[in-house]
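Please walk me through this structure.

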Amino acid sequence: MARFASVAEYSAKHPKPADISFAYGTAGFRTVGSTLESTVFRVGLLAALRSQSKQGRVIGVMITASHNPECDNGVKLVDPMGEMLQQSWEGYCTRVANAATSDELVAALAEVAEAEAIDADVTPRVVYARDTRPSGPLLQAALEDGLAALGTDAVSFGVVTTPQLHYYVRCLNTAGTAAAYGEPTAEGYFAKYAGAYLRLVEGKQHPSPLHIDAANGVGAPEVRKLAAVAASPYLQIEVHNGDTGTPGKLNSGCGADYVKSNQRAPAGMVLAPGSRYCSFDGDADRIVYYYADEHSTFHLLDGDKISTLIATYLRDLVVAAGVEGLQVGVVQTAYANGNSTSYIKDTLRLPTVFAKTGVKHLHHEAEQMNIGVYFEANGHGTALFSPAAVATLRAATPQTPAQQDAIGRLWALRDLINESVGDAMSDMLVVEAVLACKGWTLAQWDEAYTDLPSRLLKVIVQDRAIFKTTNAEQTLTSPPHLQDTVDALVARVPRGRAFVRPSGTEDAVRVYAEAATRADCDQLAYAVAGAVF
Ligand code: NG1
Ligand code: ZN
(Lines give C-alpha, C1' and ligand atoms only; values in the text may rest on other atoms or scores of the structure.)
(Ligands and ions follow the chains in the order given, each with its own letter.)
Protein backbone atom coordinates (compact mmCIF):
# COMPACT_ATOMS: atom_id res chain seq x y z
CA MET A 1 0.00 0.00 0.00
CA ALA A 2 2.52 2.58 -1.24
CA ARG A 3 0.13 5.50 -0.86
CA PHE A 4 0.06 4.96 2.92
CA ALA A 5 3.80 4.24 3.23
CA SER A 6 4.50 7.21 5.52
CA VAL A 7 1.46 6.76 7.73
CA ALA A 8 2.98 4.30 10.19
CA GLU A 9 6.03 6.49 10.81
CA TYR A 10 3.95 9.60 11.48
CA SER A 11 1.39 7.65 13.46
CA ALA A 12 4.06 6.44 15.87
CA LYS A 13 4.35 10.07 17.04
CA HIS A 14 0.64 10.16 17.89
CA PRO A 15 -0.30 6.84 19.49
CA LYS A 16 -3.93 6.17 20.26
CA PRO A 17 -4.75 6.00 23.98
CA ALA A 18 -5.60 2.33 24.50
CA ASP A 19 -8.46 2.85 26.92
CA ILE A 20 -10.50 5.43 24.98
CA SER A 21 -12.83 4.95 22.07
CA PHE A 22 -13.79 7.92 19.95
CA ALA A 23 -17.00 8.61 18.03
CA TYR A 24 -17.65 11.15 15.29
CA GLY A 25 -20.96 12.67 16.46
CA THR A 26 -23.09 15.72 15.70
CA ALA A 27 -20.17 18.02 16.39
CA GLY A 28 -17.37 15.82 15.05
CA PHE A 29 -15.03 14.37 17.66
CA ARG A 30 -15.24 16.17 20.97
CA THR A 31 -13.73 15.26 24.34
CA VAL A 32 -10.92 16.19 26.73
CA GLY A 33 -8.33 18.00 24.61
CA SER A 34 -5.31 16.15 25.99
CA THR A 35 -6.69 12.81 24.73
CA LEU A 36 -7.31 13.91 21.15
CA GLU A 37 -3.88 13.97 19.55
CA SER A 38 -4.16 10.65 17.72
CA THR A 39 -7.68 11.48 16.60
CA VAL A 40 -6.76 14.86 15.16
CA PHE A 41 -3.75 13.32 13.39
CA ARG A 42 -6.09 10.78 11.83
CA VAL A 43 -8.61 13.44 10.87
CA GLY A 44 -5.74 14.94 8.84
CA LEU A 45 -5.47 11.64 6.96
CA LEU A 46 -9.23 11.49 6.45
CA ALA A 47 -9.42 15.10 5.26
CA ALA A 48 -6.86 14.23 2.60
CA LEU A 49 -8.85 11.17 1.48
CA ARG A 50 -12.09 13.17 1.51
CA SER A 51 -10.51 15.80 -0.72
CA GLN A 52 -9.24 13.10 -3.11
CA SER A 53 -12.72 11.56 -3.17
CA LYS A 54 -13.97 15.00 -4.27
CA GLN A 55 -11.41 15.26 -7.08
CA GLY A 56 -9.14 17.58 -5.10
CA ARG A 57 -11.77 20.05 -3.99
CA VAL A 58 -10.82 21.81 -0.77
CA ILE A 59 -11.88 20.20 2.53
CA GLY A 60 -11.81 22.08 5.83
CA VAL A 61 -10.73 20.94 9.29
CA MET A 62 -11.75 22.95 12.34
CA ILE A 63 -10.21 22.29 15.76
CA THR A 64 -12.68 23.53 18.36
CA ALA A 65 -14.96 22.39 21.15
CA SER A 66 -17.32 25.34 20.76
CA HIS A 67 -19.14 26.08 24.05
CA ASN A 68 -17.59 23.17 25.96
CA PRO A 69 -15.22 23.83 28.89
CA GLU A 70 -11.76 25.08 28.03
CA CYS A 71 -10.08 21.74 28.79
CA ASP A 72 -12.13 20.05 26.05
CA ASN A 73 -11.34 20.19 22.40
CA GLY A 74 -12.71 18.73 19.22
CA VAL A 75 -12.26 18.42 15.51
CA LYS A 76 -14.62 18.32 12.58
CA LEU A 77 -14.45 18.14 8.82
CA VAL A 78 -16.02 20.69 6.50
CA ASP A 79 -17.28 19.59 3.08
CA PRO A 80 -16.67 21.52 -0.17
CA MET A 81 -19.65 23.89 -0.03
CA GLY A 82 -18.83 24.77 3.58
CA GLU A 83 -21.36 22.32 4.93
CA MET A 84 -20.89 19.63 7.58
CA LEU A 85 -19.25 16.35 6.56
CA GLN A 86 -21.49 14.03 4.57
CA GLN A 87 -23.03 11.60 7.03
CA SER A 88 -21.85 8.46 5.25
CA TRP A 89 -18.25 9.41 6.12
CA GLU A 90 -18.89 9.68 9.85
CA GLY A 91 -18.55 5.91 10.21
CA TYR A 92 -15.17 5.98 8.42
CA CYS A 93 -14.01 8.67 10.84
CA THR A 94 -15.01 6.61 13.85
CA ARG A 95 -13.34 3.47 12.48
CA VAL A 96 -10.10 5.23 11.57
CA ALA A 97 -9.95 7.03 14.94
CA ASN A 98 -10.27 3.74 16.81
CA ALA A 99 -7.72 1.63 14.92
CA ALA A 100 -5.53 0.23 17.70
CA THR A 101 -2.22 -0.13 15.83
CA SER A 102 -0.49 1.41 12.81
CA ASP A 103 -1.29 -1.70 10.79
CA GLU A 104 -4.96 -1.44 11.67
CA LEU A 105 -4.87 2.24 10.84
CA VAL A 106 -3.43 1.64 7.39
CA ALA A 107 -5.96 -1.13 6.82
CA ALA A 108 -8.82 1.19 7.83
CA LEU A 109 -7.56 3.90 5.46
CA ALA A 110 -7.23 1.36 2.66
CA GLU A 111 -10.82 0.30 3.23
CA VAL A 112 -12.03 3.89 2.88
CA ALA A 113 -9.93 4.37 -0.25
CA GLU A 114 -11.41 1.25 -1.77
CA ALA A 115 -14.99 1.86 -0.74
CA GLU A 116 -14.87 5.36 -2.19
CA ALA A 117 -12.80 4.37 -5.25
CA ILE A 118 -10.34 7.11 -4.42
CA ASP A 119 -7.82 8.14 -7.05
CA ALA A 120 -4.43 8.26 -5.32
CA ASP A 121 -3.03 10.55 -8.02
CA VAL A 122 -5.29 13.45 -7.05
CA THR A 123 -3.44 15.97 -4.85
CA PRO A 124 -5.49 16.48 -1.70
CA ARG A 125 -6.23 20.10 -0.71
CA VAL A 126 -7.15 20.97 2.86
CA VAL A 127 -7.50 24.21 4.84
CA TYR A 128 -7.64 24.27 8.61
CA ALA A 129 -7.99 26.51 11.62
CA ARG A 130 -8.49 26.37 15.37
CA ASP A 131 -10.08 28.32 18.18
CA THR A 132 -8.23 29.83 21.16
CA ARG A 133 -8.03 26.71 23.36
CA PRO A 134 -4.66 25.98 25.01
CA SER A 135 -4.63 22.45 23.57
CA GLY A 136 -5.07 23.89 20.06
CA PRO A 137 -1.42 24.30 18.99
CA LEU A 138 -0.47 20.73 19.89
CA LEU A 139 -3.51 19.31 18.12
CA GLN A 140 -2.81 21.51 15.12
CA ALA A 141 0.71 20.04 14.93
CA ALA A 142 -0.80 16.53 14.98
CA LEU A 143 -3.20 17.52 12.20
CA GLU A 144 -0.30 18.86 10.14
CA ASP A 145 1.46 15.51 10.48
CA GLY A 146 -1.65 13.73 9.23
CA LEU A 147 -1.86 16.04 6.25
CA ALA A 148 1.85 15.71 5.49
CA ALA A 149 1.67 11.91 5.67
CA LEU A 150 -0.55 11.93 2.58
CA GLY A 151 1.23 14.73 0.71
CA THR A 152 -1.58 17.23 1.17
CA ASP A 153 -1.53 20.74 -0.20
CA ALA A 154 -2.55 22.34 3.10
CA VAL A 155 -3.08 25.92 4.26
CA SER A 156 -3.64 27.17 7.80
CA PHE A 157 -6.06 30.02 8.49
CA GLY A 158 -4.72 30.30 12.04
CA VAL A 159 -7.09 31.18 14.86
CA VAL A 160 -10.52 32.05 13.43
CA THR A 161 -14.18 31.36 14.17
CA THR A 162 -15.72 28.11 12.97
CA PRO A 163 -18.01 29.90 10.47
CA GLN A 164 -15.06 31.83 9.04
CA LEU A 165 -13.41 28.52 8.16
CA HIS A 166 -16.65 27.27 6.58
CA TYR A 167 -16.79 30.50 4.57
CA TYR A 168 -13.19 30.07 3.32
CA VAL A 169 -13.88 26.50 2.21
CA ARG A 170 -16.94 27.57 0.25
CA CYS A 171 -15.12 30.53 -1.32
CA LEU A 172 -12.18 28.39 -2.40
CA ASN A 173 -14.40 25.78 -4.04
CA THR A 174 -16.66 28.25 -5.83
CA ALA A 175 -13.97 30.70 -7.01
CA GLY A 176 -14.36 31.56 -10.67
CA THR A 177 -17.82 29.95 -10.97
CA ALA A 178 -21.28 31.49 -11.20
CA ALA A 179 -21.75 30.55 -7.53
CA ALA A 180 -18.58 32.41 -6.40
CA TYR A 181 -19.15 33.09 -2.71
CA GLY A 182 -16.51 35.70 -1.93
CA GLU A 183 -12.80 36.28 -1.38
CA PRO A 184 -11.24 33.48 0.69
CA THR A 185 -9.45 35.92 2.98
CA ALA A 186 -10.18 37.61 6.29
CA GLU A 187 -10.57 40.92 4.43
CA GLY A 188 -12.99 39.28 2.00
CA TYR A 189 -15.11 37.88 4.83
CA PHE A 190 -15.38 41.19 6.68
CA ALA A 191 -15.93 43.23 3.52
CA LYS A 192 -18.72 40.95 2.31
CA TYR A 193 -20.74 41.00 5.53
CA ALA A 194 -20.02 44.60 6.53
CA GLY A 195 -20.88 45.78 3.00
CA ALA A 196 -24.21 43.91 2.88
CA TYR A 197 -25.11 45.19 6.35
CA LEU A 198 -24.45 48.80 5.42
CA ARG A 199 -26.56 48.44 2.26
CA LEU A 200 -29.50 47.34 4.43
CA VAL A 201 -29.29 49.96 7.17
CA GLU A 202 -28.31 52.99 5.10
CA GLY A 203 -30.63 55.91 5.77
CA LYS A 204 -32.08 54.35 8.94
CA GLN A 205 -31.51 55.79 12.39
CA HIS A 206 -28.12 55.00 13.90
CA PRO A 207 -28.55 52.22 16.46
CA SER A 208 -27.20 52.54 19.99
CA PRO A 209 -24.05 50.50 20.79
CA LEU A 210 -24.48 46.73 20.92
CA HIS A 211 -22.90 44.99 23.91
CA ILE A 212 -21.33 41.67 22.93
CA ASP A 213 -20.30 38.92 25.35
CA ALA A 214 -17.65 37.08 23.33
CA ALA A 215 -17.28 34.16 25.81
CA ASN A 216 -13.56 35.05 26.10
CA GLY A 217 -13.17 33.30 22.77
CA VAL A 218 -12.09 33.89 19.20
CA GLY A 219 -15.24 35.91 18.47
CA ALA A 220 -13.77 38.80 20.48
CA PRO A 221 -10.87 39.77 18.20
CA GLU A 222 -12.83 38.84 15.08
CA VAL A 223 -15.90 40.96 15.82
CA ARG A 224 -13.62 43.90 16.61
CA LYS A 225 -12.10 43.50 13.15
CA LEU A 226 -15.57 43.36 11.63
CA ALA A 227 -16.56 46.61 13.34
CA ALA A 228 -13.31 48.25 12.20
CA VAL A 229 -13.95 47.26 8.58
CA ALA A 230 -17.54 48.51 8.76
CA ALA A 231 -16.19 51.74 10.39
CA SER A 232 -19.68 53.12 10.64
CA PRO A 233 -22.01 54.68 13.21
CA TYR A 234 -24.33 51.85 12.18
CA LEU A 235 -22.08 49.32 13.89
CA GLN A 236 -20.93 50.55 17.28
CA ILE A 237 -19.96 47.62 19.48
CA GLU A 238 -18.66 47.13 22.96
CA VAL A 239 -16.99 43.76 23.52
CA HIS A 240 -17.22 42.16 26.97
CA ASN A 241 -15.58 38.89 28.02
CA GLY A 242 -12.98 39.39 25.33
CA ASP A 243 -10.02 37.96 27.25
CA THR A 244 -8.57 35.18 25.13
CA GLY A 245 -5.19 35.24 26.92
CA THR A 246 -5.98 34.24 30.49
CA PRO A 247 -6.20 30.46 30.98
CA GLY A 248 -9.52 29.19 32.31
CA LYS A 249 -11.72 32.02 31.06
CA LEU A 250 -13.10 30.59 27.82
CA ASN A 251 -16.86 29.95 28.16
CA SER A 252 -16.53 30.24 31.94
CA GLY A 253 -19.69 31.82 33.33
CA CYS A 254 -20.32 33.44 29.96
CA GLY A 255 -21.14 32.82 26.33
CA ALA A 256 -24.32 31.89 24.48
CA ASP A 257 -24.66 28.42 25.98
CA TYR A 258 -24.31 29.72 29.54
CA VAL A 259 -26.83 32.49 28.97
CA LYS A 260 -29.35 30.20 27.25
CA SER A 261 -29.00 27.39 29.82
CA ASN A 262 -29.05 29.61 32.89
CA GLN A 263 -31.42 32.26 31.55
CA ARG A 264 -29.27 34.97 33.05
CA ALA A 265 -26.69 37.58 32.10
CA PRO A 266 -23.10 36.39 31.78
CA ALA A 267 -20.34 37.21 34.24
CA GLY A 268 -18.99 40.71 33.85
CA MET A 269 -22.14 42.23 32.37
CA VAL A 270 -24.63 44.39 34.23
CA LEU A 271 -27.68 44.96 32.05
CA ALA A 272 -28.94 48.51 31.74
CA PRO A 273 -32.62 48.72 30.78
CA GLY A 274 -33.02 49.82 27.16
CA SER A 275 -29.59 48.55 25.99
CA ARG A 276 -28.98 45.68 23.58
CA TYR A 277 -26.92 42.63 24.52
CA CYS A 278 -25.86 39.45 22.79
CA SER A 279 -23.60 36.49 23.56
CA PHE A 280 -21.49 34.41 21.18
CA ASP A 281 -20.26 30.95 22.06
CA GLY A 282 -16.57 29.96 22.19
CA ASP A 283 -16.16 29.51 18.42
CA ALA A 284 -18.73 32.16 17.44
CA ASP A 285 -21.21 30.01 15.56
CA ARG A 286 -24.04 30.60 18.03
CA ILE A 287 -25.66 33.81 19.20
CA VAL A 288 -28.45 34.78 21.59
CA TYR A 289 -29.73 38.26 22.45
CA TYR A 290 -31.09 39.56 25.77
CA TYR A 291 -32.08 42.67 27.66
CA ALA A 292 -33.34 43.86 31.03
CA ASP A 293 -36.72 45.56 31.36
CA GLU A 294 -37.38 48.56 33.58
CA HIS A 295 -37.72 46.23 36.59
CA SER A 296 -34.29 44.78 35.74
CA THR A 297 -35.91 41.46 34.82
CA PHE A 298 -33.83 39.42 32.38
CA HIS A 299 -35.38 38.53 28.99
CA LEU A 300 -33.78 36.10 26.57
CA LEU A 301 -34.17 36.28 22.79
CA ASP A 302 -32.92 32.85 21.76
CA GLY A 303 -32.56 31.04 18.45
CA ASP A 304 -36.34 30.70 18.11
CA LYS A 305 -36.79 34.45 18.51
CA ILE A 306 -33.99 35.13 16.03
CA SER A 307 -35.49 32.74 13.53
CA THR A 308 -38.97 34.28 13.81
CA LEU A 309 -37.49 37.78 13.46
CA ILE A 310 -35.64 36.84 10.29
CA ALA A 311 -38.62 34.90 8.90
CA THR A 312 -40.93 37.85 9.60
CA TYR A 313 -38.66 40.28 7.80
CA LEU A 314 -38.13 37.95 4.84
CA ARG A 315 -41.87 37.38 4.58
CA ASP A 316 -42.53 41.14 4.65
CA LEU A 317 -39.94 41.69 1.91
CA VAL A 318 -41.35 38.88 -0.24
CA VAL A 319 -44.81 40.46 0.00
CA ALA A 320 -43.45 43.96 -0.68
CA ALA A 321 -41.41 42.72 -3.64
CA GLY A 322 -44.59 41.49 -5.34
CA VAL A 323 -42.68 38.56 -6.82
CA GLU A 324 -44.57 35.34 -7.45
CA GLY A 325 -42.91 32.09 -6.44
CA LEU A 326 -40.93 33.12 -3.36
CA GLN A 327 -41.92 31.22 -0.22
CA VAL A 328 -40.32 31.48 3.20
CA GLY A 329 -40.30 28.41 5.48
CA VAL A 330 -38.85 27.70 8.92
CA VAL A 331 -37.02 24.63 10.24
CA GLN A 332 -36.90 23.99 13.98
CA THR A 333 -35.98 21.15 16.31
CA ALA A 334 -38.08 19.66 19.09
CA TYR A 335 -36.31 22.07 21.46
CA ALA A 336 -38.08 25.03 19.82
CA ASN A 337 -40.44 26.63 22.27
CA GLY A 338 -44.04 25.58 21.53
CA ASN A 339 -45.16 29.19 21.35
CA SER A 340 -42.57 29.98 18.67
CA THR A 341 -43.93 27.13 16.56
CA SER A 342 -47.51 28.35 17.03
CA TYR A 343 -46.43 31.88 16.15
CA ILE A 344 -44.80 30.75 12.90
CA LYS A 345 -47.79 28.64 11.91
CA ASP A 346 -50.72 30.70 13.13
CA THR A 347 -49.53 34.32 13.02
CA LEU A 348 -46.86 34.39 10.33
CA ARG A 349 -48.70 31.63 8.44
CA LEU A 350 -45.46 30.14 7.24
CA PRO A 351 -44.73 26.45 6.77
CA THR A 352 -42.56 24.91 9.47
CA VAL A 353 -40.99 21.49 9.88
CA PHE A 354 -39.06 19.76 12.65
CA ALA A 355 -35.63 18.26 12.09
CA LYS A 356 -33.44 16.17 14.36
CA THR A 357 -31.03 17.99 16.65
CA GLY A 358 -27.75 19.02 15.02
CA VAL A 359 -27.45 21.73 12.42
CA LYS A 360 -26.66 19.34 9.59
CA HIS A 361 -30.22 17.99 9.88
CA LEU A 362 -31.76 21.46 9.93
CA HIS A 363 -29.58 22.58 7.05
CA HIS A 364 -30.70 19.63 4.99
CA GLU A 365 -34.41 20.40 5.62
CA ALA A 366 -33.89 24.10 4.85
CA GLU A 367 -32.32 23.13 1.53
CA GLN A 368 -35.67 21.60 0.55
CA MET A 369 -37.38 24.98 0.99
CA ASN A 370 -37.53 27.95 -1.37
CA ILE A 371 -36.16 30.31 1.26
CA GLY A 372 -35.46 28.31 4.42
CA VAL A 373 -34.72 29.81 7.82
CA TYR A 374 -33.33 27.38 10.37
CA PHE A 375 -32.23 27.82 13.96
CA GLU A 376 -31.70 25.63 16.97
CA ALA A 377 -33.16 27.19 20.11
CA ASN A 378 -29.59 27.54 21.41
CA GLY A 379 -28.84 30.18 18.75
CA HIS A 380 -27.19 28.16 16.00
CA GLY A 381 -28.66 28.77 12.58
CA THR A 382 -28.91 30.73 9.37
CA ALA A 383 -31.09 31.06 6.27
CA LEU A 384 -30.75 29.61 2.78
CA PHE A 385 -31.94 30.91 -0.57
CA SER A 386 -32.49 27.98 -2.93
CA PRO A 387 -31.26 28.17 -6.53
CA ALA A 388 -34.95 28.47 -7.51
CA ALA A 389 -35.41 31.50 -5.24
CA VAL A 390 -32.28 33.12 -6.63
CA ALA A 391 -33.50 32.54 -10.21
CA THR A 392 -36.91 34.03 -9.34
CA LEU A 393 -35.27 37.09 -7.82
CA ARG A 394 -32.99 37.49 -10.80
CA ALA A 395 -35.92 37.40 -13.21
CA ALA A 396 -38.05 39.82 -11.17
CA THR A 397 -39.01 43.08 -12.83
CA PRO A 398 -40.11 45.62 -10.23
CA GLN A 399 -43.11 47.78 -11.15
CA THR A 400 -42.72 50.36 -8.38
CA PRO A 401 -39.88 51.91 -6.34
CA ALA A 402 -41.20 50.03 -3.29
CA GLN A 403 -40.89 46.72 -5.13
CA GLN A 404 -37.42 47.64 -6.32
CA ASP A 405 -36.41 48.50 -2.75
CA ALA A 406 -37.74 45.18 -1.41
CA ILE A 407 -35.93 43.18 -4.10
CA GLY A 408 -32.69 45.07 -3.36
CA ARG A 409 -33.11 44.25 0.32
CA LEU A 410 -33.67 40.57 -0.39
CA TRP A 411 -30.40 40.51 -2.33
CA ALA A 412 -28.60 42.35 0.47
CA LEU A 413 -29.99 39.94 3.06
CA ARG A 414 -28.82 37.01 1.01
CA ASP A 415 -25.33 38.51 0.92
CA LEU A 416 -25.45 39.18 4.66
CA ILE A 417 -26.33 35.60 5.54
CA ASN A 418 -23.58 33.01 5.86
CA GLU A 419 -25.22 30.26 3.84
CA SER A 420 -22.60 27.67 4.67
CA VAL A 421 -23.33 27.47 8.39
CA GLY A 422 -24.76 29.36 11.39
CA ASP A 423 -22.47 32.30 12.10
CA ALA A 424 -22.71 34.53 15.19
CA MET A 425 -21.21 37.56 13.43
CA SER A 426 -23.35 37.26 10.31
CA ASP A 427 -26.49 36.49 12.37
CA MET A 428 -25.74 39.47 14.60
CA LEU A 429 -25.62 41.76 11.59
CA VAL A 430 -28.86 40.30 10.25
CA VAL A 431 -30.61 40.93 13.57
CA GLU A 432 -29.15 44.42 13.86
CA ALA A 433 -30.23 45.21 10.30
CA VAL A 434 -33.79 43.94 10.80
CA LEU A 435 -34.13 45.88 14.05
CA ALA A 436 -32.80 49.05 12.39
CA CYS A 437 -35.16 48.63 9.41
CA LYS A 438 -38.15 48.05 11.67
CA GLY A 439 -37.05 50.68 14.19
CA TRP A 440 -37.50 48.11 16.98
CA THR A 441 -35.97 47.79 20.41
CA LEU A 442 -35.30 44.32 21.82
CA ALA A 443 -38.46 44.64 23.93
CA GLN A 444 -40.52 45.35 20.80
CA TRP A 445 -38.99 42.37 19.03
CA ASP A 446 -39.78 40.27 22.12
CA GLU A 447 -43.48 41.19 21.97
CA ALA A 448 -44.18 38.82 19.07
CA TYR A 449 -44.88 35.92 21.44
CA THR A 450 -44.12 34.86 25.02
CA ASP A 451 -42.10 31.71 25.57
CA LEU A 452 -43.81 28.88 27.41
CA PRO A 453 -41.88 27.98 30.58
CA SER A 454 -39.42 25.23 29.64
CA ARG A 455 -36.80 23.10 31.36
CA LEU A 456 -33.90 21.11 29.95
CA LEU A 457 -32.36 18.44 32.17
CA LYS A 458 -29.38 16.18 31.70
CA VAL A 459 -29.71 12.67 33.09
CA ILE A 460 -26.64 10.45 33.43
CA VAL A 461 -27.64 6.87 32.65
CA GLN A 462 -25.74 3.63 32.55
CA ASP A 463 -26.11 3.14 28.82
CA ARG A 464 -27.50 5.91 26.67
CA ALA A 465 -27.36 3.63 23.60
CA ILE A 466 -30.61 1.95 24.69
CA PHE A 467 -32.46 5.24 24.14
CA LYS A 468 -33.76 5.27 20.57
CA THR A 469 -36.10 7.82 19.04
CA THR A 470 -38.23 8.57 16.02
CA ASN A 471 -40.40 11.51 14.85
CA ALA A 472 -37.54 14.08 14.83
CA GLU A 473 -36.42 12.69 18.20
CA GLN A 474 -39.71 13.48 19.92
CA THR A 475 -40.84 9.90 20.47
CA LEU A 476 -38.92 7.07 22.11
CA THR A 477 -39.02 3.65 20.49
CA SER A 478 -36.73 2.14 23.15
CA PRO A 479 -36.58 1.28 26.05
CA PRO A 480 -39.98 -0.37 25.74
CA HIS A 481 -42.93 1.43 27.35
CA LEU A 482 -40.96 4.49 28.47
CA GLN A 483 -42.74 6.62 25.87
CA ASP A 484 -46.12 5.53 27.31
CA THR A 485 -44.99 6.77 30.70
CA VAL A 486 -43.86 10.09 29.22
CA ASP A 487 -47.19 10.45 27.39
CA ALA A 488 -49.12 9.81 30.58
CA LEU A 489 -47.11 12.43 32.47
CA VAL A 490 -47.54 14.99 29.66
CA ALA A 491 -51.31 14.40 29.51
CA ARG A 492 -51.71 15.60 33.10
CA VAL A 493 -50.39 19.09 32.40
CA PRO A 494 -52.02 21.96 30.46
CA ARG A 495 -50.01 22.72 27.29
CA GLY A 496 -47.57 20.04 28.36
CA ARG A 497 -44.91 18.69 26.01
CA ALA A 498 -41.89 16.58 26.87
CA PHE A 499 -39.41 14.33 25.16
CA VAL A 500 -36.34 12.27 25.93
CA ARG A 501 -33.37 11.77 23.62
CA PRO A 502 -29.76 10.63 23.94
CA SER A 503 -27.24 13.46 23.56
CA GLY A 504 -25.05 13.32 20.48
CA THR A 505 -22.23 15.21 22.17
CA GLU A 506 -22.22 14.04 25.79
CA ASP A 507 -22.59 10.74 27.58
CA ALA A 508 -26.05 11.64 28.86
CA VAL A 509 -29.74 11.63 28.06
CA ARG A 510 -31.56 14.95 27.71
CA VAL A 511 -35.06 15.59 28.99
CA TYR A 512 -36.99 18.59 27.69
CA ALA A 513 -40.33 19.72 29.09
CA GLU A 514 -42.58 22.71 28.69
CA ALA A 515 -46.00 23.62 30.06
CA ALA A 516 -48.31 26.58 30.62
CA THR A 517 -46.89 27.37 34.05
CA ARG A 518 -43.39 27.22 35.53
CA ALA A 519 -44.55 24.91 38.33
CA ASP A 520 -46.18 22.41 35.95
CA CYS A 521 -43.20 22.56 33.61
CA ASP A 522 -40.69 21.79 36.34
CA GLN A 523 -42.83 19.06 37.80
CA LEU A 524 -43.18 17.47 34.37
CA ALA A 525 -39.45 17.71 33.66
CA TYR A 526 -38.45 16.08 36.93
CA ALA A 527 -41.14 13.42 36.66
CA VAL A 528 -39.92 12.44 33.19
CA ALA A 529 -36.29 12.51 34.37
CA GLY A 530 -37.30 10.23 37.23
CA ALA A 531 -38.85 7.79 34.77
CA VAL A 532 -35.66 7.78 32.67
CA PHE A 533 -33.27 7.23 35.52
P1 NG1 B 1 -26.75 17.18 21.99
O2 NG1 B 1 -25.66 16.96 22.96
O3 NG1 B 1 -26.92 16.09 20.96
O4 NG1 B 1 -28.04 17.54 22.69
C5 NG1 B 1 -25.93 19.71 21.57
C6 NG1 B 1 -27.05 20.69 21.38
C7 NG1 B 1 -27.43 20.71 19.92
C8 NG1 B 1 -26.24 20.99 19.02
C9 NG1 B 1 -25.08 20.08 19.39
C10 NG1 B 1 -23.80 20.42 18.66
C11 NG1 B 1 -28.96 21.17 22.83
C12 NG1 B 1 -30.09 20.63 23.60
N13 NG1 B 1 -28.23 20.29 22.16
O14 NG1 B 1 -26.38 18.45 21.11
O15 NG1 B 1 -28.45 21.64 19.72
O16 NG1 B 1 -25.90 22.34 19.06
O17 NG1 B 1 -24.81 20.11 20.79
O18 NG1 B 1 -23.06 21.42 19.26
O19 NG1 B 1 -28.71 22.39 22.84
ZN1 ZN C 1 -20.11 26.75 18.64
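**A guided walk**

Asn241 sits in the loop between β7 (237-240) and α9 (256-262). Helices (H or I, at least four residues) and strands (E, at least two) are DSSP runs, numbered from the N terminus. The phi of Asn241 is near 45°, a positive value in a residue other than glycine. Asn241 counts as buried, at 17% relative accessibility. Buried means under 20% relative accessible area, exposed over 50%, and partly exposed in between (1.4 Å probe, protein chains only).

This is a predicted model, in which local features need pLDDT of at least 70 and side-chain atom pairs count only at pLDDT 80 or more, while totals for chains, interfaces and linings use all residues. Residues are numbered from 1 along each chain as its sequence is written, chains are lettered from A and ligands numbered from 1 in the order in which they are written, and side-chain values use heavy atoms, with hydrogens and water left out.

Now turn to Ala117. Ala117 also has a positive phi, of about 45°, although it is not a glycine. Ala117 lies in the loop between α4 (102-115) and β4 (125-130). Ala117 is exposed, with a relative accessible area of 67%.

Another backbone feature involves Pro479. A cis peptide bond joins Ser478 to Pro479, with omega about 0°. Pro479 belongs to the loop between β17 (475-478) and α17 (482-491).

Next comes a sheet. Its 4 strands are ordered β12-β11-β13-β14, and the sheet is open with mixed pairing. Two strands pair if DSSP finds at least two bridges between them. The edges are β12 (352-354) and β14 (381-385), each pairing on one side only. Strand β11 (residues 328-332) runs parallel to β12, and 3 bridges join them. Gln332 stands opposite Phe354 in β12.

The last stop is ligand 1. Its surroundings include His67, Arg286, Tyr335, Glu376 and Asn378. Here a residue is near a molecule if one of its heavy atoms lies within 4 Å of it. The shell divides into 2 nonpolar, 6 polar and 4 charged residues. Ala, Val, Leu, Ile, Met, Phe, Trp, Tyr, Cys and Pro count as nonpolar, Asp, Glu, Lys and Arg as charged, and the others, Gly among them, as polar.

Which atoms of Gly504 and Thr505 lie by an oxygen atom of ligand 1? For Gly504, a backbone N or O atom is 2.6 Å from an oxygen atom of the ligand. For Thr505, a polar side-chain atom is 2.5 Å from one. Arg510 has a side-chain N or O atom 2.6 Å from an oxygen atom of ligand 1.

Technical notes: Polar contact = N/O pair within 3.5 Å; in protein donor to acceptor, adjacent residues only side chain to side chain.
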